[in-house]
Every structure is written in structure tokens, then in C-alpha cells.
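Me: I have a structure open and would like to learn how to read it. Please take the features in turn, with the general idea before the case.

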Amino acid sequence: MFRYLCTLFCLFLLGISSTSAASDKTTNLNKKDKRPNVILIVVDDLNDYQGIFAGHSQVQTPNIDKLAASGSSFINAQSNIPVCQPSRNSLFTGVYPHVSQDFGWTKQHKQPVLKHNKTLQELFAENGYQTMGTGKLMHGGKTELWQEWGMPHKHDYGPLYFNGDSNGASPNVASPFADIGAIDGAFGRLSVAKSSGKRNQPGWVYGWDKKPFRYISDDDRDLMQDEKHAQWASEQLKTLAQAENQAPFFMGIGFVRPHTPLYAPDKYFDMYPLEDIDLSHWLPDDQNDTFFQNNFPTDGKGLRYYRTLLQSFDGDRELALKHFLQAYLACITFMDAQLGKVLTALERHPQLNDNTVIVFTSDHGWQMGEKGYLFKNSPWEESARIPMIVRTPDNTKQGQKISQPVSLIDIFPTLVDYANLSGNHKKNDKAGDLGGHSLRPLIDADTMSQWQGPKGALSVVGNYGNSGKKWQVEQQNYSYRTERFRYIRYSNGEAELYDHEQDPYEWHNQAKNEQYQQVINDLRQQVNNLLQTTL
């Protein structure tokens with residue numbers, strides 16, 4: 001009997017010990033859960049056409065503006081290279097393009113330098129975060145780098161128009177602009193074509209695989225890809241909120257619109273009546289004092305797209321740009337609605353909403369006919385400037401606007417800072433060094449005195465990205481934006497300088513103005529310091 005009682009007493013003590021250990025484990029897990037969640041939203045080809053950034057007076061972006069009102073807006077944020085793939089490679093590795101010499105269209109996991117760098121999602125996973133993504137995040141990136149992936153990786157920018165034989169521009173677009181093709185040569189309402197949803201029938205398809213996209217009307221159709229991304233993200237947030245002792249998460253969402261083809265449901269076009277649209281500020285022959293055409297072929301996309309668009313409207317610049325701009329604005333507002341779905345889903349779960357860092361940005365901007373250019377990948381404000389909003393759980397300065405120029409390169413160290421990530425960002429010594437600085441001092445501090453980054457933000461427009469050769473850093477074209485100036489240094493030594501205090505639309509190149517020579521010398525030195533070279 002005594003032995004039996006001793007056994008019971010020992011079991012009782014073990015039970016207390018086990019309960020205590022379980023309690024300690026739960027406590028530790030709860031402490032772990034206090035680390036902030038992170039949602040990174042990257043939009044494709046989005047310039048500063050949002051209400052909060054005042055890029056266009058008529059744009060309707062209530063959800064972007066709402067997010068900005070609850071966070072910090074960087075009104076001088078810049079892309080480090082204003083074209084899709086190298087921009088995203090740089091963003092997700094934190095390595096400047098001039099460091100990796102990634103000036104073209106090489107996938108990150110194949111790029112000679114960046115393949116040795118850890119991506120953001122890899123570093124978050126190593127730190128115990130649950131990682132999940134959907135949409136266009138890394139251009140051609142490996143979806144297996146995410147623990148959970150939402151949509152099929154292949155982002156075909158659809159829907160596309162299928163004429164019964166091949167994909168091409170929709171019937172409403174005239175040649176020669178339509179001849180550009182199914183992606184860049186297409187824009188318009190979804191109602192310009194019907195689609196039964198049957199394979200090999202003329203009408204809408206999801207993408208290059210020609211999977212049918214059913215469209216009878218705006219109220220009777222399949223979901224567009226961005227709508228599916230928003231739906232998936234919203235469902236994930238609901239699941240995360242219901243889970244107990246859930247590890248913090250890092251979620252990436254890539255919205256394709258307003259990337260071409262500029263298709264959207266009719267209701268978004270109806271919000272921008274063609275006859276009422278205001279065109280971007282424009283100066284005839286503005287390109288005459290620039291040197292872009294001396295360094296890039298005249299048949300390059302931006303210059304050619306502008307010429308062919310005007311030709312398709314018999315040379316009527318105003319009518320041509322109004323049609324294209326209407327589609328661009330409609331696609332922005334369509335994308336904004338998808339953002340709203342994600343934000344609403346997050347707000348339904350205060351335990352997530354109150355402990356989540358949100359970063360909203362774009363890979364680069366878009367030039368809307370200024371300087372005879374209709375595309376991205378240019379050194380000027382419209383192409384290089386991007387929206388950037390950061391909302392943090394403890395942000396006490398809601399709605400603040402930060403004028404310090406920053407760039408996409410700063411997102412990597414900022415998220416490392418807020419999430420307190422540890423570990424090396426490199427896989428080995430062949431990897432590129434981190435180039436940015438945490439934005440936290442600008443967001444949290446009472447003054448900007450703690451900012452450790454440069455005075456300006458550096459962008460590169462790669463001149464020889466597809467040459468197949470290892471070109472030197474000095475042979476690229478650089479655009480450097482400070483609060484007041486934009487300095488452009490081309491590969492052939494020619495330069496442009498714009499004084500935004502006097503010239504906000506970059507109409508007057510002051511590079512040869514003697515009054516600005518000291519400014520140019522100073523800006524050139526700042527660029528050289530960032531490049532660690534002499535140009």
C-alpha cells in the first residue's frame with residue numbers, strides 16, 4: 001500500500017512538472033507570437049497615380065489612401081532599376097543592381113551573384129516565420145522558396161484576347177499599336193469581347209496556355225487573376241486568425257494591374273469618362289534637351305510605343321493618350337479594390353491587424369507620354385518614382401509624409417529591423433552585400449537625424465542588359481534623386497539636371513547652366529560614393 005501511494009505521489013509530481021513545462025512552452029510560444037506579422041504588397045508598373053501621392057488629379061484610390069492615412073508615406077521613393085525583373089531581384093535580396101551587375105532579365109536563382117543571396121522569404125523562414133505568397137512577386141522566381149503558395153506561378157498578365165488562332169490585342173485596338181502584341185499592345189474594357197469559357201473559341205483566355213476565361217458580362221464572368229490573389233490572401237488571413245499559437249507570418253502579395261494589357265471590368269472605365277480625362281502635364285518637344293535617344297535605340301519600346309499609339313489615332317496625341325490613360329486609371333482603381341479586400345480581411349481580425357507591418361509599393365513607375373515616351377525603364381521621375389507606404393503596429397504618426405528620398409533597396413533592412421531577424425543574408429561569400437538602410441528611424445523618430453542612408457536615391461537604367469557580356473558599372477546610365485534635384489548621368493558622359501523646386505515636371509535640363517555646376521559636382525560625387533567608383 002505504501003509503495004502504491006508513493007507511486008501515485010510521484011506521478012502527481014510528474015504531472016505538475018509536465019504541466020509546468022507545457023505552460024512554459026506555451027508562454028514561450030506566445031512570446032514568439034508577439035513578433036510582428038508582415039504583409040508585403042508589390043504592384044506591377046504602378047507610378048504615383050494615387051490620391052495620396054498626387055500623381056494624377058482624377059485617380060480614385062480610396063484603399064491606398066486609407067492605408068496611407070494609417071501609416072507613413074514616402075513621397076520621394078524610387079525604383080533602383082525601373083524594369084520588372086532586376087527591380088524585384090534587388091528588392092527581395094537587398095542588393096543594388098550595380099553590385100550584382102543585374103541589369104537585364106535574369107532570374108534571381110540563375111543570376112551569377114544573386115543566386116548566392118538569401119531572399120526575404122528564405123530569411124523569414126529561417127527565423128521561424130510562416131511564409132506564404134501569391135501573384136507576381138519575384139519575376140520568374142521559385143515558388144518553392146515560399147512555404148505556402150497561392151496561385152499557379154505562371155503570371156500571364158491575363159486575361160488575354162484569343163482570336164481563335166493565337167493571342168493578340170483585343171478587337172478595339174487599332175494598328176500599328178495592336179501589332180505590338182497581346183501584352184503591351186492591348187487595352188480596353190472586358191466587354192469589348194465575349195467568351196463562352198470553351199477552349200479554342202475566340203474570346204478571353206487566362207494566359208499563354210489559352211485556358212478559357214469566361215466572360216458574358218461584368219456580373220457573369222470568371223475572376224481575374226488579381227481578384228483571385230486577393231481572395232486567396234483574405235482566406236489565408238481568416239485561417240491564420242483562427243489558429244492557436246500560430247507562428248508569425250510573412251505574406252507576399254503581387255498584384256499585376258496596372259501592368260499591360262490594361263483590361264478591367266467596365267465599371268472601372270465608367271469611373272473615368274473619356275471626354276473628362278485630364279492628361280499628364282506635358283511640354284511639346286520636351287525631349288529636345290535630353291540625351292536618352294543618344295544612349296538608347298530609337299526603336300526601343302518607350303519611344304516606339306509612343307509613336308505607334310499616336311499613329312493608331314491618326315496623330316491625335318490628346319485622343320490617343322486619353323484612351324490609354326483611361327485604361328491605366330481604370331486598372332489602378334481595379335487593383336485598389338483588390339487591396340481593399342485584403343485590408344478589410346485583416347481588419348476583421350484585430351489580433352492580426354494590431355500586430356502586422358504592411359509595406360505597399362511598386363517595382364517601378366510608368367511614363368505616360370512625357371518626353372515622347374510611353375513605357376517604363378527611363379531615367380525620369382514618372383518611371384523612377386514609386387509609391388511606398390509603411391504601416392507599423394506602433395506607428396503613432398499616422399498619415400505622415402516623409403520627403404527623404406529612399407528606394408526599394410531599403411525594404412529588406414527595414415523588415416529585418418522590425419521583425420528582428422537574425423542570420424546572414426548570404427549563402428556564401430559569392431553573394432552581394434546589402435545596400436539599403438532601415439527606414440525605421442524615419443518612421444519612428446521625432447526627427448530625421450538618425451537616418452543612416454544617403455541623401456538621395458539611386459536608379460540605374462541598364463544600357464547593355466541583354467548583351468550577354470559582363471559590362472562594367474561605369475557603362476550604365478544613372479539617375480539620382482534628392483529632395484530638390486534629379487541628376488542623370490548617361491553612359492556616354494552626357495548629363496541632365498532638373499531642379500524640382502523650380503521645375504517639378506522636369507522640363508528644363510540645367511546641366512549646362514553655369515549656376516548649377518557646383519550642384520552637379522556635388523551630386524556626381526554622391527553617386528560615385530554609392531557606386532564606389534569614379535565616373
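**Helices, cysteines and a buried lysine**

Reply: The axes of helix α9 (residues 301-312) and helix α10 (residues 317-347) come within 8 Å and cross at roughly 110°. This is a predicted model, in which local features need pLDDT of at least 70 and side-chain atom pairs count only at pLDDT 80 or more, while totals for chains, interfaces and linings use all residues. Residues are numbered from 1 along each chain as its sequence is written, and side-chain values use heavy atoms, with hydrogens and water left out.

Me: What are helices, strands and axes here?

Reply: Helices (H or I, at least four residues) and strands (E, at least two) are DSSP runs, numbered from the N terminus. Axes are lines fitted to C-alpha atoms, for helices over the stretch in contact, and angles run from 0 to 180 degrees between N-to-C directions.

Me: How do I read a pair of packed helices?

Reply: Two packed helices are described by the angle between their axes and the distance between the axes. Angles under 35 degrees count as roughly parallel, over 145 as roughly antiparallel, 65 to 115 as roughly perpendicular and the rest as oblique. α9 and α10 are therefore roughly perpendicular to each other.

Me: Which residues of α9 and α10 meet?

Reply: Contact means heavy atoms within 4.5 Å. Tyr306, Leu309 and Leu310 of α9 meet Arg317, Ala320, Leu321 and Phe324 of α10. Six of the residues in this contact are nonpolar, none is polar and one is charged. Ala, Val, Leu, Ile, Met, Phe, Trp, Tyr, Cys and Pro count as nonpolar, Asp, Glu, Lys and Arg as charged, and the others, Gly among them, as polar.

Me: At what angle do helix α2 and α10 pack?

Reply: α2 (residues 62-69) packs on α10 at about 45°, with the axes 7 Å apart. That makes α2 oblique to α10. On the α2 side the contact has Pro62, Asn63, Ile64, Lys66 and Leu67, and its α10 residues include Met335, Leu339 and Leu343. The contact divides into seven nonpolar, two polar and three charged residues.

Me: How many disulfides are there?

Reply: A disulfide is a covalent bond between the sulfur atoms of two cysteines. The rule used here is a pair of cysteine sulfur atoms within 2.5 Å, and by it the count is zero. Cys84 is in no disulfide, as its nearest cysteine sulfur, that of Cys331, is 15 Å away.

Me: Is Cys84 buried or exposed?

Reply: Buried means under 20% relative accessible area, exposed over 50%, partly exposed in between (1.4 Å probe, protein chains only). Cys84 is buried, at 4% relative accessibility. Cys331 is buried too, at 0%.

Me: Which helix is mostly covered?

Reply: Helix α3 (residues 84-93) is, with ten of its ten residues buried, Cys84 among them. These buried residues pack against β1 (37-43), α4 (97-100), α5 (120-126), β14 (356-362) and α13. Helix α13 (residues 411-419) has seven of its nine residues buried, so it is largely enclosed by the rest of the structure.

Me: Where is Lys376, and what does its side chain join?

Reply: Lys376 lies in the loop between β16 (374-375) and α12 (381-384), and at 5% relative accessibility it counts as buried. A polar contact is a pair of N or O atoms within 3.5 Å; within protein, one must be able to donate a hydrogen and the other to accept it, and residues adjacent in sequence count only if both atoms are side-chain atoms. The Lys376 side chain has such contacts with the side chains of Asp45, at 3.2 Å, and His259, at 3.4 Å.
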